[in-house]
Amino acid sequence: QVAEFFIPVKTSSSFQEKGVLTPEEFGAAGDLLVSTHPSWSWQAPTDPSRLTPFLPPTKQFLIIKAVPCLRRANALNVDADEEAVEDDWLDTHKDHRAQNEEVHEMTVAESTVTSQPPPPPAEEDEDPPDMETFDCTDAVVADDAVCAPRTAPAESSAEFVKSRTYDLTITYDKYYQTPRVWLFGYSEEGAPLNKEEIFQDIFSDYSNKTTSIETHPYLGLPCVSIHPCRHAEMMKRMIDRLNERYQEDGGADGVQMMMRPDLYLLVFLKFIQAVIPTIEYDLGAIDL
Amino acid sequence: FFFAMSAPTMMQFEQLSCRLEVPFWFELERRKLHEYKDTMFPVTIWGSYSTAGHQQISSPVTVGAEGFTAPAASAFTFPIQGTLLNTNTVEELKRFDRQRLLSTAGADIWATIQDGRWLQKPGTLNRFVLLCHADLKQHRFLHCTGFPVLLPARPFTRASQAAPVSDTFSLDQQNTIHAGVGELRTSAGPDASSAFLVTLLQGSATVQVSPLSAWADDVGREGRTVWLGVADPCAQPTVAGWPVRNLLLALAHHFRLEGVVRVLCYREVPGRQDISRSIIVDVAVSAAEVLRGGEFQPTYAGWPQDNKLRTVDLSPLMDEEKLSSSSA
């Protein structure tokens with residue numbers, strides 16, 4: 001932890017070589033995200049002591065609020081190919097394991113995930129026994145024009161449903177020189193979700209290895225964070241792939257072209273979507 | 001066989017919901033401890049909502065820690081003024097005269113209708129009330145939110161089925177409406193653009209967006225069809241959202257309307273040039289039936305129809321906070 005205080009702030013770009021960002025590049029990537037996806041916005045901490053000096057005071061972190069999450073990710077069926085990619089992306093313990101062990105574990109993971117039954121639909125009419133109520137209902141004026149909420153399961157109906165919602169934030173991680181994603185969730189009834197509940201919305205059984213609960217550096221609340229230790233490596237691979245594809249598609253008349261660093265967060269969020277597949281933040285028409 | 005005629009269908013609306021953020025509760029705790037102490041008085045707070053951007057999930061009114069100081073100014077959201085009443089004990093909360101709290105906010109809305117302010121700032125027709133008790137020792141909150149609505153003596157009825165916006169407006173026209181609403185927001189502010197007019201000139205495909213205050217000029221003029229556009233947080237494909245109600249009542253009362261108002265429930269996906277989820281529904285209103293005979297103001301409703309109190313328990317969060325800061 002102390003080491004973090006002694007690492008020099010990157011000023012020259014290692015984006016192409018290592019898949020990391022300087023604070024300036026993080027700012028530019030954030031600006032592009034906000035301008036193309038305006039449901040994201042820059043924010044500053046309310047507590048000035050939480051300000052990061054090397055980031056602009058009004059552009060400290062990115063936030064998107066109240067993102068719907070209708071289903072639990074750990075109840076999804078798993079596509080085997082997809083999981084192979086995500087294994088690379090997510091598994092922070094990969095280095096400590098033998099190759100064959102890894103394959104074995106992947107197969108196991110697949111079967112456990114697919115066998116999980118979907119959660120039963122919430123029984124809206126049954127109140128918990130300790131539900132507090134007003135002493136009387138006399139004061140409430142009858143209003144026939146209120147449309148009754150429907151509680152049909154999300155998949156089968158386009159009717160009104162309640163949903164968990166998440167506030168997602170992206171901070172700049174100085175140690176890993178990458179963006180870092182934080183989750184804070186609310187239940188259908190508006191109460192904050194606990195760690196276990198949030199883990200239900202993180203893909204399969206990786207949640208335990210790649211996520212931790214920590215105090216958010218700007219919000220000061222305990223949040224679930226996706227650990228950034230493999231973000232750079234994965235981004236590097238993605239940047240290479242995109243650069244290659246650009247060349248294959250004909251490139252630009254012999255001029256060597258590279259992916260712009262300010263596209264970083266758009267690519268990054270596409271991958272984060274694989275970790276939290278049911279949290280429906282808007283990625284628009286980005287096609288990678 | 002006159003009795004075979006079907007009775008007009010009452011318009012129904014989806015009630016707003018409130019999303020009270022955790023930092024809001026912590027700020028309330030702080031203020032209760034250092035400022036309010038044992039006194040109990042209404043406090044003005046602010047929330048905001050956006051139009052429904054999701055296919056299934058209606059947008060809530062969001063209230064954050066900044067709700068104590070200023071209306072939210074973020075892109076795509078509309079501010080909504082609220083009244084917070086925090087009681088000292090659970091018993092006080094349970095016995096509280098809810099209707100009085102709601103009626104006070106409702107009477108404010110009625111006042112903006114009476115003096116015409118609503119025409120310049122239709123956002124003043126939206127309000128919320130938050131009645132709660134904060135248990136500072138246990139970090140536990142009991143609360144209930146209401147959204148005051150002015151009930152017409154006779155409910156509004158539906159004059160047409162709700163239909164997707166594409167049944168009326170082409171994609172080009174939808175884009176023009178989207179751009180027009182954006183311009184109105186830029187020039188007049190979010191408070192003035194939560195409701196607007198969409199005018200179609202007969203014999204051409206030209207649509208234009210104008211501020212609500214142009215109603216008297218636009219409506220009833222030869223060769224024009226006018227829709228009341230309302231920024232709508234409701235996502236249901238056949239149901240109009242809560243903000244439509246007070247607007248219809250204000251229009252009917254102010255302009256002495258007897259007839260049908262075409263309503264465009266405006267649902268923009270925030271940040272996208274996409275209003276295709278908007279719906280259009282025609283509503284029959286009657287100025288003569290806004291107030292009951294002999295009364296000078298309408299009845300106010302808007303609490304949930306049950307008597308339940310919601311609980312938010314932040315003590316686990318405090319424990320986690322302690323754990324994560326001690327392990328750091």
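How many residue pairs are in polar contact between chain B and chain A? The count is 17, taking pairs with both residues at pLDDT 80 or more. The model is a predicted one, and the points below should be read with that in mind.

1. Extent of the interface. On the chain B side, 54 residues are in contact with 53 residues of chain A. The two chains bury about 4700 Å² between them, and carbon and sulfur atoms give 56% of that area. In chain B, the residues that lose the most area to chain A are B:Arg19, B:Gln56 and B:Lys94, which together account for 15% of what that side buries.

2. Charge pairs and composition. There are 6 salt bridges between chain B and chain A. In a salt bridge between A:Lys65 and B:Glu21, the side chains meet at 3.0 Å, N to O. Helix H8 of chain B (residues 315-327) supplies the largest share of the side that touches chain A, namely 4 residues. Sorted by class, that side of chain B has 27 nonpolar, 13 polar and 14 charged residues.

3. A:Asp167. This residue is found in strand S3 of chain A, residues 164-173. A:Asp167 counts as buried because its relative accessible area is 10%, under the 20% cut-off. Its side chain is joined to that of B:Arg19 by a polar contact of 3.0 Å. Beyond its neighbours within four places in sequence, A:Asp167 is in contact with residues of chain A, including A:Ile64, A:Lys65, A:Trp182 and A:Tyr186, and with B:Arg19 and B:Glu21 of chain B. Two of these names have come up already: A:Lys65 and B:Glu21 form the salt bridge described in point 2.

4. A:Gly19. The loop between helix H1 (15-18) and helix H2 (23-36) of chain A holds A:Gly19. Leaving aside neighbours within four places in sequence, the contacts of A:Gly19 include A:Ser14, A:Thr178, A:Met235 and A:Tyr264.

5. A hairpin in chain A. Strands S5 (residues 211-215) and S6 (residues 222-226) of chain A pair in the antiparallel sense over 5 bridges. A:Thr211 has A:Ile226 of S6(A) as its bridge partner. The hairpin leaves 6 residues between S5(A) and S6(A), and A:Gly220 in the turn has a positive phi of about 75°.

6. Chain B as a whole. Chain B has 8 helices and 18 strands. Of its 328 residues, 54% are buried. Among contacts in chain B with a separation of 6 or more, 77% come from residues 24 or more positions apart.

7. Strand S6 of chain B. This strand, residues 127-135, is mostly covered, with 8 of its 9 residues buried. S6(B) pairs in the parallel sense with strand S5 of chain B (residues 78-87) over 7 bridges, and B:Thr83 is bridged to B:Val129 in S6(B). S6(B) also runs antiparallel to strand S7 of chain B (residues 140-146), again joined by 7 bridges. There, B:Leu130 has B:Thr145 of S7(B) as its bridge partner. S6(B) and S7(B) form a hairpin with 4 residues between them, and B:His139 in the turn has a positive phi of about 55°.

Conventions. Residues numbered from 1 in each chain as written. Chains lettered and ligands numbered in written order. Predicted model: local features only at pLDDT ≥ 70, side-chain atom pairs only at ≥ 80, totals over all residues. Heavy atoms only, no water. Pairing = 2+ DSSP bridges. Helix = DSSP H or I, 4+ residues; strand = E, 2+ residues; numbered from the N terminus. Contact = heavy atoms within 4.5 Å. Buried area = accessible area lost by both parts, 1.4 Å probe. Salt bridge = Lys/Arg side-chain N within 4 Å of Asp/Glu carboxyl O. Polar contact = N/O pair within 3.5 Å; in protein donor to acceptor, adjacent residues only side chain to side chain. Nonpolar A, V, L, I, M, F, W, Y, C, P; charged D, E, K, R; others polar. Buried < 20%, exposed > 50% of the residue type's maximum accessible area, 1.4 Å probe, protein only.
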